[in-house]
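Here is a short note for someone opening this structure for the first time. Please keep the view at hand while reading.

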Amino acid sequence: MLEIKNLHVKLEEEDKQILKGVDLTVEAGKVHAIMGPNGSGKSTLSYVLSGREGYEVTDGSATLLGEDILDLEPEERAAAGMFLAFQYPVEIPGVGNMTFLRSAVNAQRKARGEEEMSSSDFLKEIRAKAKELQIDADMLKRPVNVGFSGGEKKRNEILQMAMLAPKLCILDETDSGLDVDAMKLVSEGVNALRSPDRGFLVITHYQRLLDHIKPDVVHIMSDGKIVKTGGPELALEVENNGYAEFQETA
Ligand code: ADP
Ligand code: MG
Ligand code: MG
């Protein structure tokens, strides 16, 4: 599904190499986690995959379902089936959540050359999804993220993910200071959306998120590279011993 090969990335403004040869394959139906110490390049990887400006790919490649994504605009990446959980955390006063979601869904369909979804189909779908995810109907009418609690923002993120039905979901939860309740919401959302044709890349500094999500594969990133790959037990190893052993060998 997602195939990253020898990815090298530097900052555009400075001569600073951040990713130094990342190799990573995420298969359909699997949840991969990336853990690693602060500053190892985890967020940079998610930014580069999302198409954020300010980064220059100096070597390597990244494909989604065989399509080279690094040259695509962010909207084109979304149309190709990629979802980044931090893509829409912004507050948009005056724009109802439902209106916003509808335009996001239709923008994605348009980029795919598909017809817009009718209002009634959209309503039916969003109500069903909201119910499934135990999201209050009231939240659909409020302006996007305005005055939402941390937990409500997380729920909303999961709802966006459910409505856009991505092939690959990337969640960067490293610096968001998730409390236990928010962490549960994220994990329940991910677990509810797991499916055989969908892959997940969950980026986190903390092992505790993985108590709930149960990744299939865990990668440790250190100094711009994946330095170790293993099963869920690798996350427990980090919880017990910290990152020191991986940094020494990096
Ligand atoms: P992580 O998410 O693993 O904590 P980041 O990807 O945020 O790591 O950062 C990796 C390294 O790149 C850090 O040393 C960070 O300071 C540096 N870095 C990332 N983006 C920028 C930027 N825009 N300007 C300067 N330094 C940056
Ligand atoms: Mg960081
Ligand atoms: Mg980070």
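**Notes on the ligand site and a helix pair**

1. Of the 13 residues around ligand 1, the nearest are Gly 39, Gly 41, Lys 42, Ser 43 and Thr 44. A residue is near if one of its heavy atoms lies within 4 Å. This is a predicted model: local features need pLDDT of at least 70, side-chain atom pairs count only at pLDDT 80 or more, and totals for chains, interfaces and linings use all residues. Residues are numbered from 1 along each chain as its sequence is written.

2. By class, the shell around ligand 1 holds four nonpolar, six polar and three charged residues. Gly counts as polar here. Helix 1 (residues 42-50) gives the most to this shell, three residues. Helices are DSSP runs (H or I, at least four residues), numbered from the N terminus.

3. Polar contacts are pairs of N or O atoms within 3.5 Å. A backbone N or O atom of Ser 43 is 2.9 Å from an oxygen atom of ligand 1. For Lys 16, a side-chain N or O atom lies 3.3 Å from an oxygen of ligand 1.

4. Helix 3 (residues 97-111) and helix 4 (residues 119-132) have axes that come within 11 Å and cross at roughly 110°. The two helices are therefore roughly perpendicular to each other (angles of 65 to 115 degrees).

Note on methods. Chains are lettered from A and ligands numbered from 1 in the order in which they are written. Side-chain values use heavy atoms; hydrogens and water are left out. A polar contact is a pair of N or O atoms within 3.5 Å; within protein, one must be able to donate a hydrogen and the other to accept it, and residues adjacent in sequence count only if both atoms are side-chain atoms. Axes are lines fitted to C-alpha atoms, for helices over the stretch in contact, and angles run from 0 to 180 degrees between N-to-C directions. Angles under 35 degrees count as roughly parallel, over 145 as roughly antiparallel, 65 to 115 as roughly perpendicular and the rest as oblique.
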